[in-house]
Amino acid sequence: MKNLLTFLTFFVLTIATAQEIPVEKTHEFSYGVIIGSNFYNISNNSTIDSYVTKNITPSIVYGGYGEYNFTKNIGVKLDAILYNKKFIYFTKNQTFKMSFVDISTNFKYNFGDTYRKGFYLLGGPKLSIITKVNSDDEDVKHHFETVNLGFQLGFGLRVYRFIDVQAKLEYEVTPFFKLENGHSSKFVNGIVSANIDLTRLSK
């Protein structure tokens, strides 16, 4: 009798727990918010007309995302984030502050039996739009290339039911600054963020 009661208790608890865990479905859409930090550097092809990020701290990143899974392992994730960057024009020791909106489409592969759970890899193209550039309280956006293309590669881990910790390395293919003599500069970024799944938060 004692063994029977133990088995029945275990069975009831198992069923109750299973009902509390959301079943991951294919063809499911989710969305959430992003907050993190952008660690960046600048790649210059000239030491004369060069930009540097010396003694500049990482910037705050915030935005949102939408995600759709086709199977239990494969999906696509669309990000839209906003952030600022500060850097110095080395020749004149002039400081610039840029504001950005980045839109990226990443293909995502989740390892394991269910999507949105555990470790994953992601990668894809990125569109970076410069919305504002100031130097000494003056608008100087016209000196820069305001739309740039890049690529991302990263990984992440769902550490809680509705929270992902994610890291991405970004390289911009097109320069944000270029001259007729061929001198140019490109950004290289590393973004570490928390992605909060609002659809899971409400369940």
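**Figure 1. The nonpolar surface patch of the predicted model.** Patches consist of residues with over 30% relative accessible area and no salt bridge, with nonpolar side chains (Val, Leu, Ile, Met, Phe, Trp, Tyr) joined within 5 Å and like charges within 9 Å. Accessible areas come from the Shrake-Rupley method with a 1.4 Å probe, and for residues only the protein chains shown count as cover. Strands S6 and S8 (147–160) each supply at least two residues of this patch. The most comes from S8, with 4 residues. Isoleucine 74 is in strand S4 (residues 74–89), and its relative accessibility of 41% makes it partly exposed. Buried stands for under 20% relative accessible area, exposed for over 50%, and partly exposed for values in between (1.4 Å probe, protein chains only).

This is a predicted model, in which local features need pLDDT of at least 70 and side-chain atom pairs count only at pLDDT 80 or more, while totals for chains, interfaces and linings use all residues. Residues are numbered from 1 along each chain as its sequence is written, and side-chain values use heavy atoms, with hydrogens and water left out.

**Figure 2. The protein chain as a whole.** The chain holds 2 helices and 11 strands, in the order α-β-β-β-β-β-β-β-β-β-β-β-α along the sequence. Helices (H or I, at least four residues) and strands (E, at least two) are DSSP runs numbered from the N terminus. Of its 203 residues, 39% count as buried.

**Figure 3. A salt bridge between glutamate 28 and arginine 200.** The two side chains meet at 3.7 Å, N to O. Glutamate 28 belongs to strand S1 (residues 28–44) and arginine 200 to helix H2 (residues 198–201), so the pair ties together parts 172 residues apart in sequence. Glutamate 28 and arginine 200 are both buried. A salt bridge is a side-chain nitrogen of Lys or Arg within 4 Å of a carboxyl oxygen of Asp or Glu. The count by this rule is 8 salt bridges.

**Figure 4. A salt bridge between lysine 108 and glutamate 67.** These side chains are paired at 2.5 Å, N to O. The pair links distant parts of the chain, with lysine 108 in strand S5 (residues 94–110) and glutamate 67 in strand S3 (residues 59–69), 41 residues apart. Lysine 108 is buried at 2% relative accessibility, and glutamate 67 is buried at 1%.

Figure 5. Lysine 126 pairs with glutamate 172, their closest N and O atoms lying 3.1 Å apart. Lysine 126 is in strand S6 and glutamate 172 in strand S9 (residues 163–172), 46 residues apart. Lysine 126 has a relative accessible area of 3% and is buried; glutamate 172, at 1%, is buried too. Salt bridges with shared partners join Asp102, Lys126, Glu170 and Glu172 into one network.

**Figure 6. A surface patch of negative charge.** Asp136, Asp137, Glu138 and Asp139 form this patch. Asp and Glu count as negative and Lys and Arg as positive, while His and the chain ends are not counted. The place of a charge is taken as NZ of Lys, CZ of Arg, CG of Asp or CD of Glu. Aspartate 137 sits in the loop between strand S6 (119–135) and strand S7 (138–139), and is exposed at 83% relative accessible area.
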